[in-house]
Amino acid sequence: MDFTICPATLDDCKDISRMILELAEHEKVLDQIKVTQEDLEKDGFIKNPFFHGVVVEVPDEHRSKEGHTKVGYALYFYSYSSWKGRAVYMEDLYVMPEFRGKGIGKALMSKVAQMGLAAGCSLLNFCVLDWNKPSLDFYLSQGCLNTTADMGYQFMRCEGVALEKLAKGGT
Amino acid sequence: MNFKVRAARKEDCKDISRMIMELAVYEKMPEQVKISNEELERDGFSPNPFFQCLIAEVSDENMTTDGYTVVGYALYFYTYSTWEGRSVFMEDLYVMPDFRGKGIGKGLLAKVAQVGVEKQCVRLQFSVLEWNKPSLDFYIAKGAVDLTAKEGWHNLRFYGQALDQLAKEAPNN
């Protein structure tokens, strides 16, 4: 199946928002999604954007059952390693279920890698849940390093009341 | 001991570079440090910087035996969660050994949180090595959650040849 992958534009935020909700519904976490289409438009398209996106489009004749031609996306942002320098972090990778198995997911990831290298990055980081053995095996077979399992890095988060309390302690 | 936390300036990169190496030695991986202070200057002080940095500074009379007044730093950047929105990731937090136990680490961490909250970030995230019990205890006491232990998140990384190979497979449309 033919498809194209292009940098996300402001107009794509409607489809990206739709696909974020599709994935959340599938994972039964719809009530946890706080980000709206308007948030994406605001945060992804300002002078120093919080993220970048790439969107997959198929021709009209292959549009989805509901009539969508935008059928997948990857959302990423630039990060930094104080040891290695510029890096890119892939936050989301999603392909609508009826378009899977056609190489679209792999193409999206490759595109993010390509954008990262073009920006001078030497690392592409992302997270996978430890019970997701098929994904872990796939990525390890592609030459990935698991910095949690192999180097012992634990991923920590501070949010909500704890974050507010911490921020109040800043002078 | 009095100290000041302020935004880093380009001329601080020499000190930041010095402390990055000190932190890598503490984490038992000094051979992994590949970047120079020139790269820090380029990447942290351009119109669209890859990172932000805060510095902890003491007055002259408290300078280190080697004559440094810059004794700690926190390096961070903004990230995004498609569930919750704007977030901040703290890549490094370091205080020179002689200056620990004086609230400087807490001051740096709190300032990163404050800057993030002012920018409407809803999460502050970072990584800690599993054997680094003093740091884990410090962060958990402040309300941080270990998502690797709690939810099973693992960080994966493409780099070197594997990254080059992956990028080569991107479609040309």
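Reader: Hi! Which residue of strand 6 of chain B does Met156(A) stand opposite?

Author: Met156(A) stands opposite Asp146(B). Strands here are DSSP runs of E, at least two residues long, and helices are runs of H or I of at least four, both numbered from the N terminus. This is a predicted model, where local features need pLDDT of at least 70 and side-chain atom pairs count only at pLDDT 80 or more, while totals for chains, interfaces and linings use all residues. Residues are numbered from 1 along each chain as its sequence is written, chains are lettered from A and ligands numbered from 1 in the order in which they are written, and side-chain values use heavy atoms, with hydrogens and water left out.

Reader: Thanks! How many bridges join strand 7 of chain A to strand 6 of chain B?

Author: Two bridges, and the strands run antiparallel. Strands pair if DSSP finds at least two bridges between them.

Reader: And what area is buried between chain B and chain A?

Author: About 7600 Å², with carbon and sulfur atoms giving 59% of that. Buried area is the accessible area (1.4 Å probe) that two parts lose on being put together, summed over both. Tyr80(B), Trp83(B) and Leu156(B) supply 12% of the area that chain B buries against chain A, more than any other three residues.

Reader: How many salt bridges are there between chain B and chain A?

Author: Four. A salt bridge is a side-chain nitrogen of Lys or Arg within 4 Å of a carboxyl oxygen of Asp or Glu. Asp43(B) and Arg86(A) meet in a salt bridge, at 2.7 Å from N to O.

Reader: Switching topic: which side chain meets Lys70(A) in a salt bridge?

Author: That of Asp12(A), also at 2.7 Å from N to O. Lys70(A) sits in strand 3 of chain A and Asp12(A) in the loop between strand 1 and helix 1, so the pair ties together parts 58 residues apart in sequence.

Reader: Is Lys70(A) buried or exposed?

Author: Buried, with a relative accessible area of 17%. Asp12(A) counts as buried too, at 6%. Buried means under 20% relative accessible area, exposed over 50%, and partly exposed in between (1.4 Å probe, protein chains only).

Reader: Nice. What about chain B: which residue forms a salt bridge with Arg123(B)?

Author: Glu84(B), the closest N and O atoms being 4.0 Å apart. Arg123(B) lies in strand 5 and Glu84(B) in the loop between strand 3 and strand 4 of chain B, so this pair ties together parts 39 residues apart in sequence. Arg123(B) is buried at 7%, whereas Glu84(B) is partly exposed at 24%.
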